[in-house]
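Colleague: Please take a close look at one part of this model and follow it into its surroundings. A single connected account would do.

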Amino acid sequence: MLTTAAPAPTSVLDQLSYYRASASPAPDCPPLAGDEAVDVCIVGGGFTGLSAALELAKAGLSVRVLEAGPVAWGASGRNGGQICTGFSKGMGAFEHALGKEAARDAFKVAEEAKALIVERVDAYNIDCDLTWGYLLTAPKPSQLRYLIDDCEELADYGYDKATLLDKAQLHERLATSVYHGAVADKGAGHLHTLNYAHGLARAVIAEGGAIAAHTPVVKVEPGAKVKVVTATGTVTAGQAIIACNGYLGKLMPHLDAKVMAVASYVVATAPLGAERAKALIRDNDAVGDVNFVTDYFRLTADTRLLFGGRCAYSGIDPKDLAANMRPRVLSVFPQLCDVKIDYAWGGYIGITYNRLPDAGRIGPNIYYAQGYSGQGVALAGMFGKLMAEAIAGDAGRFDVFTRIRHAPFPGGPLRRPALTIGMLYYRLRDMLA
């Protein structure tokens, strides 16, 4: 019997995000009431869970999604909206873990993750401001070598949409002098993350699936039939999927040991207007840097600058998030000193110790995927699809990732302070030239 102690809401989590303020209406997903039986019960109503539910419902299985808050209350409704290529650790880590052939299979999965977004946006008419173009930038001259290696690695995997930009070329596209070069990736981009999630939820319901929002799970009982217990009812299922990622809490202690919930913070400015926005980021690219503690930003459809970063490993959130983030925004774009911040919010990123996704089974009929380590906008949806494939009888692609060995974070009950201390090294490394 496994019990939960989910993270308590904090003021940062409760703050109104730009996404919540501007989102299309969510479908009606009333809380669970009573007991029911389905083929598959999915715990977590973000990209992973909704994607799995959509695939399973299309295949004719009965499916029930249980979400603790509103649809996509966790990372899927809070993140920077950036669609990235590959994996955060790069392909070398996959080669070391799985060998070159399996690493190539993993890269194909990551590429399909981006195509899957396009496919679903088109198939279900999801209005989520999907835009292509991404700049991976180097804040230090010494990091230009990383950009060159990144381009060469992508080319080795058959990817032809990435090109190097020197500082002058980058400055033509991005109105800041803090970066020394970039990789311009035409195959990566950005979207309105919550509108995309709401579109997936509508698609799940249209295909015959069921979603219960505001239904936190308090217990998962493994067995020949999995019993998922909430305060208002139970779901008994032949198969279950755990799709909580950084919001897992202590629901599944075996999984919790291998994923760390790291806070990341985002702000959105007041609208800049079309002319000023284009002068800031000429081609409407998403932007991220190569630092270990990364900054990331993009424009929204209504010409705001959405700027994220400042990961917190300590579990202690800033008291005034907007004031805390403002200097970071101005360090990149000092010309925005007259622009106010309209929204500030935070959420959890699920990271693994080796920064590779963690996927597997608990017993024969409980599947899980987590730890996308900052690249979940694309990967989460794809891992939902892989789990659906496995449940439907084709586990080949899913099992590529189950072969990766994941160590728990060191330190046991002291793992968070230990990681916080360790992160000081990386913060200092990012600051040094």
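Modeller: Strands β17 and β18 form a hairpin with three residues between them, and Gly 363 in the turn has a positive phi of about 70 degrees. This is a predicted model, in which local features need pLDDT of at least 70, side-chain atom pairs count only at pLDDT 80 or more, and totals for chains, interfaces and linings use all residues. Residues are numbered from 1 along each chain as its sequence is written, and side-chain values use heavy atoms, without hydrogens and water.

Strands (E, at least two residues) and helices (H or I, at least four) are DSSP runs numbered from the N terminus. β17 covers residues 358–362 and pairs with β18, residues 366–370, in the antiparallel sense over five bridges; pairing requires at least two DSSP bridges. Within the pair, Gly 360 stands opposite Tyr 368 of β18. Four of the five residues in β17 are buried, that is, under 20% relative accessible area with a 1.4 Å probe, protein chains only (exposed is over 50%, partly exposed in between).

Leu 56 lies in helix α3, residues 47–58, and counts as buried because its relative accessibility is 0%. Its contacts include Ile 241, Ala 388 and Ile 391.

Note on methods. Contact means heavy atoms within 4.5 Å. Lists of a residue's contacts leave out its neighbours within four places in sequence.
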